[in-house]
Amino acid sequence: MFPRLACAIAGVTLSALTSLHSIPVQAKAPVDPGALHTDELKDLFFGEALFNAYQDNYVDAISALDTEIKQHRLLDDPELDPFSVHFGQAEFAVGDLELSYRMHQEAGRAMEQVLQGNVAQPIKNEAAYRLAKIHYQKQQFANALHALELIQGRVPERVRAKEQFLRARVYMQLGRFSEAVELLEDLKGEKSLQGFVEYNLGIALLKAGETEKGVLVLDGLGRNAGSGAARQALQDKTNLLLGNQLMKEEQFDRARQYFDRVQLSGPFSDQALLGAGWVEANAGRYDRALVPWQMLKQRRATDAAVHEAMLAVPYAYGKLDVHSTAAVNYGQALDAFGEQVDVLSQSITSIREGKLLEALRRKEASQVKNWVVELRKLPGAPETHYLLDLMASNDYQEFLRNYQDLNNLFERNRDWLQSLDAFEEIIALRRSYYEPILPGLDVAFRQIDARIKMRLEQRQRLAARIDNLLVNRRPELLAKSDETEARLILEQMREILEFNPNLSSEETTDRIARLEGVLKFRLSREFDDRLTKAYKNLRELDGVIATLQETYQRYVRTRQAATHSYEGYTDQIASLRGGLNRAQDRIDQLMARQGSMLEQLAINELDERRAQLESYQIKARFALADSYDRANELQEQREDERKVEQYRVQVEQMQEAEPAANPDGEPLPTDNPPELEAPEAEGGAESAEAADDE
Amino acid sequence: MCRILITLTTAVLMSLSVLANAQNVSREEIRGLDEQIQDVKKDVISLTSELNRLEEKLLFPSNTQAAFFISLAGSASGEEFSLESVEVKLGNQVVAHHLYTYREIEALQQGGVQRIHTANVQTGAHPLVVSYHGKSKSGKEYSGTASFSVEKAVGPKFVEIQIAGTQSAINFKDW
């Protein structure tokens, strides 16, 4: 009876495991170096966005890149902007980051834009690959295949293997295993996908009905999947899969060797120990089954495999007819189950009280590795070890990350709202400082401005005059004030003499002419020097005027900056505050819905585990009673045998002593000894009960 | 015993149907919620961009803005050099002192650029002194200090401080 049921269990386990394993294994994709790496940085802000992206600060990275891209598009001559070197890369990077930030719709839209745009085919191919990746992640496999079919010609080298691997996984999901096998065969030896290709190939072969080939491929992987924790886990997973597969085929000895290959400290060790025990039990070697099961029984009391082992151990003892030990083990199992049922009940209460969501919102969630597991250490927190399987599921992970993203956005917005308050305070302070002093400053500035303008006009006139002198030589225009005065006096004297000829004499006329000649001669002789000097002076004046104009411009800028520091923000801040408040309301609602889903799933999981344990408890109680009965029966049987043996010995002793004691050859008594007589009277019944008690 | 085994079978089936839990919440509901979450993320990112611009305009107007960025020089990138701390003095005042986390170090090694400080300064020359401490992969400690004169003009000023760790050198680049 049991072996068949055990096989059934193993079969169920296997089919369930296979169904889990048939979800193709994905190599943990590193950050795509093509999209988020640059050898020569041409734009600091692109580098800053990369700095955020590498730390998974998606909001900062995406918003920075978005801003850069928008600003770049608004430029008149975008090719002059150093960002143009990174522009295409930035567009892909935004798509990638949106994908990492689980904004599949936006990422998909970005890729579709690239596909519809007028770009080179290799870029379109890369976009198609990325779009397919998005559909794959969303479990829309037909759409993923459709996107892959858009790829024409050459695929960029750095994504070629990934594209092929993705295509193979899509085929597997669509049940086209033979096509997947062909692609995966081609990918063998691809270093970046080492192990993952072989695993998927093995599964594809098994699914395609080529069992032996599949086992062979998986066997190779199970021997050596490579170094590193991920590869070791893959190796264990492969061996576990093979062990279960062979146990299903009743090849128990072969199955055992695969279970034995699984590391004892790895994440699959519990399942492997359990499987190793079942292999031995199926083969009827219960004593050997006890070895892995006993080991498993000592492990973490929250694991389903450990619970199963707690029942399997006494079961094996029972099969070995050691019913008393079986009873003791059933008793231990009952105690352990009782404790765990209490833990589960407390955990459910804790989740209902909101402790799980509270812990998920803590800062540690982003700082402590495996926080969802570690949070169990908080006082009053639920026992998250029971949720490990649930938490490993894609849906739960998505819910969890969405919840944490929403919480981060909520906190970020809350900080911005506080910042907006601070901005308004700054603006008010600036207004109260500038508004009283600016009118006075403006008046003073206007006066200075008028004087500056006047001086500038004077300078322009002087410059024009000097320029004119270069073409039209007029030395008198460069005369000094005393020379001009002397020239004017001489002109005046000549006019007086013309008006009163009586006063004039030849000598006087000559003297005036001589003086005028001397003056003209000096002006004419010094004209070039004076002109040069005038030029130099004008240049010096230009320097002073440049300083004046700079001061003027600085003042204008400062004046504008003063106004801009508090004017024109009111509407923008009001609009942003409105946007933030609306976003907060939406985030709050979405968090409540997402949190409720998380709680509900966790409670359902814990409820199921509790129901399972309660069911185990009932069965363990029955089995315990059964073991006691069998132990008692066995004890009675042994007691009877002992007494029969004692009687036989007595008879033999009597026979030996008979020749001396009974020389006449009197026949031996043939009736039963009194303890073997059926009880007839009350006294007899009592003595029988007493014997039972003994 | 038979019943025990039947129960065991049921229990195993139950334990393996963890994913079926998610089915308690309908697929449509999950998709609808997911799409709404994506929408709100998009809106918040857009708001964040606008808020960043507002903050910069308000707190660091372009005529006084001077921003300082840390990067690792080509030879220091990769995993050869781990930056531990950087101190920036502007005008003889310590304006930034940063201790690096593991993720920040990785981000710098991969080619990211960290904005370490943004200041408001007047036009003219401002002395900048940068010092750093770090370690090579082998555990050898490196440190260095270098000075630079920041010439602030009318427009915003961006200075890249490039640390060539294992050469104990710091290069400055005006952007």
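Predicted model: local features only at pLDDT ≥ 70, side-chain atom pairs only at ≥ 80, totals over all residues.
Local features need pLDDT of at least 70 and side-chain atom pairs count only at pLDDT 80 or more, while totals for chains, interfaces and linings use all residues. Residues are numbered from 1 along each chain as its sequence is written, and chains are lettered from A and ligands numbered from 1 in the order in which they are written.

Helices (H or I, at least four residues) and strands (E, at least two) are DSSP runs, numbered from the N terminus. Axes are lines fitted to C-alpha atoms, for helices over the stretch in contact; angles run from 0 to 180 degrees between N-to-C directions. A:His104, A:Gln105 and A:Glu106 of H5(A) meet B:Glu35, B:Gln38 and B:Lys42 of H2(B); contact requires C-beta atoms, placed from the backbone, within 7 Å.

Chain B holds an open sheet of four strands, ordered E4-E1-E7-E8, with mixed pairing (at least two DSSP bridges between two strands). E4 (114–120) and E8 (169–174) of chain B are the edge strands; each has a single partner strand, so one side of each lacks a neighbour in the sheet. The twist averages 20° from one strand to the next. E7(B) (residues 157–164) runs antiparallel to E8(B), joined by six bridges. B:Ile163 has B:Ile170 of E8(B) as its bridge partner.

Helix H2 of chain A (residues 44–54) lies across E1 (65–72), E4 and E7 of chain B. This helix of chain A runs at about 60° to E1(B).

Note on methods:
Contact = placed C-beta atoms within 7 Å.
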